[in-house]
Amino acid sequence: MSPARIVAHEVLGAVRDDEAYANLLLPNRIERSKLSEADAALATELTYGTLRLSGYYDAVIEIAANRSVAQIDPAVLDILRLGAHQLLATRVPTHAAVHEQVVIAHRVAPQAAGFVNAVLRTLSRTDADEWKTRVAARAKTEDARLAAVHSHPEWIVRALRAALDRDERAGELEALLAADNVSPRVNLAVLPGLGDETPADLGTPNTYSPLGFTAERPIALVGAHEGRVRVQDEGSQLAALALTRAKPVEPGERWLDLCAGPGGKTAILATEALAGDAVLVANELVPARTELVRRAIAGVPLDVPVRTGDGRDLEIAALGSPDGFDRILLDAPCTGLGALRRRPEARWRKQPTDVPALSLLQGELVDAALRALRPGGLLGYVTCSPHTAETHGTIAAARKRWGDRIESVDTRAVIEAVAEHPIDVRGDGSTVQLWPHAHGTDAMFIALLRKTS
Ligand SMILES: C[S@@+](CC[C@H](N)C(=O)[O-])C[C@H]1O[C@@H](n2cnc3c(N)ncnc32)[C@H](O)[C@@H]1O
């Protein structure tokens, strides 16, 4: 019995039935089952790969089983999906993939073991390219084809297409969808000013972020550098630096991180505030996440009050800034459609109906942030979603409400100045959209706004 496959199957079940997050549950199960390093790697590949590609595997299974997946018991379907992943996307030998999944079927659904054996054998008789062709042939529209072959819900395909079109990147949709299906390398940031190490001293520097790098043993490095080195996407680093480096910092400036949890960007703001003699306050709605913010900045020798509360009900006097803040980061709650490669089950859990409620919340948070800014102050509006309702839509609506009391800052020029190498950013420059397939980052959206009066 393969312990890695059992762990993967259990995690798939918990993701399905208990709304568990694979990236939180899997490490815990790996530890509890005392998996070897090799088995841990296999369990991770099987869990993440199967979750990401389950839409595609379901199409393959429907053809191979000649029945709708809705007619297959969910626990059995997970066994088949795990088998499909091994057969179509890994180097696991065919006999081992089929045999091990049948063993799991005997354990969790003995009545279905023959069915699992038959479906996986059928599946194994056709190669991966031919399966792609067969699945594509079933689709009635281009969006349905892209959704099936690249394993994304169709509404997300449409949203990403619209976002790419808006960013002058029509024609890049397949590349983006494919990038969402690849596990990102663990990316690190070294907090500036806390030690002498540079990214080049510690690993391979990122292309754009002056703080970012990759390394052979990233987690060991994080442990060895006591808070100075963290795991952080390069796009998130750029988003934080866009606000702190948009113009020189005047000593005594007051900064606010409005939606700070879990605190990755707060840590960068804190070190930049320390270097520029600015003051930083952080706010987060969810108490448990407030605690994560406190932990994230524990290694930075700056006193950063962290408030728990709704960012829409700010009392700026109570936050120590009766005249308002000079810079506010609004890293807004969003659908996260820009980080799908990182959260394997997220694409299946999000619903198109989530978008209107989030854009409403984003608009209310933008208004609260603008009210809390002093005239001349800067707002950095950031999402890890490229959905146009959450990006350009939110900004355009704020412009309507605020008229000439706000103006755009040339965000592209700021990002170009921050980036270590030339960066291909499209659009009119007032906003920046990063992309996994083009920049190797999450699809972060960044808009800098100045409050004029
Ligand atoms: C995208 S995350 C921020 C990520 C963070 N900046 C970082 O880099 O680690 C958005 C955060 O906003 C919080 N949030 C949601 N609604 C909020 C509200 N009304 N006021 C303040 N924070 C809120 C969420 O709990 C979440 O922690």
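Which residues is cysteine 259 in contact with, leaving aside its neighbours within four places in sequence? Select Cys259 and have a look: the contacts are Glu284, Gly311, Leu330, Asp331, Ala332, Pro333 and Leu365. Contact here means that two C-beta atoms, placed from the backbone, lie within 7 Å.

Before moving on, some ground rules. Residues are numbered from 1 along each chain as its sequence is written. You are looking at a predicted model, in which local features need pLDDT of at least 70, side-chain atom pairs count only at pLDDT 80 or more, and totals for chains, interfaces and linings use all residues.

**Stop 1**

Helices (H or I, at least four residues) and strands (E, at least two) are DSSP runs, numbered from the N terminus. Cysteine 259 counts as buried because it has 23 C-beta neighbours inside 10 Å. The cut-offs: 20 or more other C-beta atoms within 10 Å of a residue's own is buried, 12 or fewer is exposed, and in between is partly exposed, with C-beta atoms placed from the backbone.

Now click Gly263, in the loop between E5 and H15. Glycine 263 is buried because 26 C-beta neighbours lie inside 10 Å. Beyond its neighbours within four places in sequence, glycine 263 is in contact with Leu292, Val293, Ala296 and Ile297.

Colour the UniProt "binding site" annotation next; it comes from an unreviewed entry, and among its residues are Cys259, Gly263, Glu284, Asp310 and Asp331. UniProt positions follow the numbering used here, feature names are shortened, and annotations may be inferred rather than shown by experiment.

**Stop 2**

Select strand E8 (residues 325-331), where seven of its seven residues are buried. E5 and E8 pair in the parallel sense over three bridges, with aspartate 257 standing opposite leucine 329 in E8. Pairing requires that DSSP finds at least two bridges between the strands. Six bridges join E8 to E9, again parallel; find arginine 327 and its bridge partner in E9, leucine 378.

**Stop 3**

Is cysteine 384 buried or exposed? It counts as buried, because it has 26 C-beta neighbours inside 10 Å. Not counting residues up to four places away in sequence, cysteine 384 touches Cys334, Gly336, Gly338, Ala339, Asp442, Ala443 and Met444.

**Stop 1: the nonpolar core**

Show the largest nonpolar core, which has 139 residues; those with the most contacts inside it are Val60, Ala242, Ile328, Leu330 and Ala369. Such a core is a set of buried Ala, Val, Leu, Ile, Met, Phe, Trp, Tyr and Cys residues joined through C-beta atoms within 7 Å. Helix H5 (residues 74-89) supplies the largest share of this core, eight residues. At least three core residues come from each of domain 1 (3-132) and domain 2 (188-451), with bounds from an automatic or database domain assignment. The centres of those two domains, taken over C-alpha atoms, are separated by 37 Å.

**Stop 2: a four-stranded sheet**

Finish on the open sheet with the order E2-E3-E1-E4 and antiparallel pairing. Strand E2 (204-205) and strand E4 (229-231) are its edges, each pairing on one side only. Three bridges join strand E1 (residues 188-190) to E4, and alanine 189 stands opposite arginine 230 in E4.
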